[in-house]
Amino acid sequence: MSIRHGLLALLEHGPRYGARLRSELESRTGATWSLNVGQVYTTLNRLERDGLVLQDGEDGSGHALYRITEEGRSELDSWFRSPVDRSNPPRDELAIKLAMAVNAPGVDVRDVIQLQRHHTLRAMQDYTRLKAGTPEPPPDRPEEMAWVLVLEQLIFQTEAEVRWLDHCEARLVRMAAAAGTRQAEAGTRQDPADDGTPRGRSRRASRSR
């Protein structure tokens, strides 16, 4: 998640202090991604360094307020108008795990797949139950719609992961079947007199003369 741009988007609604920004960001995303106040203030410091936000006094409780600058608005507008770059996808732990498990000694990759499928299905069911219990946001509460969109993305993501795991398992089954067929064919072509021992090879050589 782009914390940088998320904070800029919230500051478009007016000056805010760090803890409030953290609370609003988590509210918009349903606390899907953990975020601590330290991360918020570190990001605010970088935004201030880059001229995208400025400190704007304090509120009644002494909290330092931040506001977005014109440069910040330009940065935010550019973010909204640009597609998310997929040419350099983030590392996916599950994909790496399966890639390593395929030929790892002593690891049954199908067991790894089944374990992950069980976990992903359970997560998908939890998200689906949460979605079923979430009322349709009213037109005048767009911030509530923001959380629903994030929740639906999680549902679609887990559905896609289950389909991919099914695909991986099917490919492994086909690969194992093809390997078994090749082994059987190789055994059929082998001369029965040649059992792989020196004596067997001698018998085969005698038959060929």
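This is a guided tour of one protein chain, stop by stop, for you to follow in your viewer.

**Before you start**

The model is predicted, so local features are described only where pLDDT is at least 70 and side-chain atom pairs only at pLDDT 80 or more, while totals for chains, interfaces and linings use all residues. Residues are numbered from 1 along each chain as its sequence is written, and side-chain values use heavy atoms, with hydrogens and water left out.

**The whole chain**

Show the chain as a cartoon. Its secondary structure comes to eight helices and two strands; helices (H or I, at least four residues) and strands (E, at least two) are DSSP runs, numbered from the N terminus. Starting at the N terminus, the order is α-α-α-β-β-α-α-α-α-α.

Of the 209 residues, 26% are buried. Here buried means under 20% relative accessible area, exposed means over 50%, and partly exposed lies in between (1.4 Å probe, protein chains only). Among contacts between residues at least 6 apart in sequence, 52% join residues at least 24 apart, where contact means heavy atoms within 4.5 Å.

**Stop 1: Pro15 and helix 2**

Select Pro15, in the loop between helix 1 (3-11) and helix 2. Pro15 is partly exposed, with a relative accessible area of 39%. What does Pro15 touch, not counting residues up to four places away in sequence? The list is Arg20, Asp56, Leu65, Tyr66 and Arg67. Pro15 and Asp56 are 41 residues apart along the chain, and their C-alpha atoms are separated by 7.2 Å.

Next, select residues 18-29, which make up helix 2. At 1.5 Å a residue, its twelve residues should span 16 Å, and the end C-alpha atoms are 17 Å apart, which agrees. The expected span is 1.5 Å times one less than the number of residues. Colour Gly18, Leu21, Glu24, Leu25, Glu26 and Thr29 to pick out the buried residues of helix 2. Just after the helix, Gly30 takes a positive phi of about 65°.

**Stop 2: the hairpin**

Select residues 53-58 (strand 1) and residues 64-68 (strand 2), which pair in the antiparallel sense over four bridges. Two strands count as paired if DSSP finds at least two bridges between them. Look across the pair to find Val53 opposite Ile68, and Gln55 opposite Tyr66. In a regular strand the side chains alternate between the two faces of the sheet. The hairpin has five residues between its strands, and Gly62 takes a positive phi near 85° there.

**Stop 3: an aromatic pair**

The structure holds one aromatic pair. Trp79 and Phe80 form this tilted pair, 5.2 Å centre to centre with 40° between the planes. Rings of Phe, Tyr and Trp (its six-membered ring) pair if their centres lie within 6.5 Å; planes under 30 degrees apart count as stacked, over 60 as edge-to-face and the rest as tilted. Trp79 counts as partly exposed because its relative accessibility is 34%, whereas Phe80 is exposed because its relative accessible area is 56%.

**Stop 4**

Select helix 6 (residues 109-132) and find Thr120 in it. Thr120 counts as buried because its relative accessibility is 3%. Which side chain makes a polar contact with the side chain of Thr120? That of Glu161, at 2.6 Å. A polar contact is a pair of N or O atoms within 3.5 Å; within protein, one must be able to donate a hydrogen and the other to accept it, and residues adjacent in sequence count only if both atoms are side-chain atoms. Leaving out residues up to four places away in sequence, Thr120 touches Thr158, Glu161, Val162 and Leu165.

Move along to Leu130, also in helix 6. At 41% relative accessibility, Leu130 is partly exposed. Its contacts, beyond neighbours within four places in sequence, are Trp147 and Leu151. Leu130 and Leu151 are 21 residues apart in sequence and 8.3 Å apart in space, C-alpha to C-alpha.

**Last stop: Glu169**

Finish with Glu169 in helix 7 (residues 142-189). Is Glu169 buried or exposed? Glu169 counts as buried, at 14% relative accessibility. Apart from neighbours within four places in sequence, Glu169 is in contact with Arg110, Ile113, Gln114 and Arg117.
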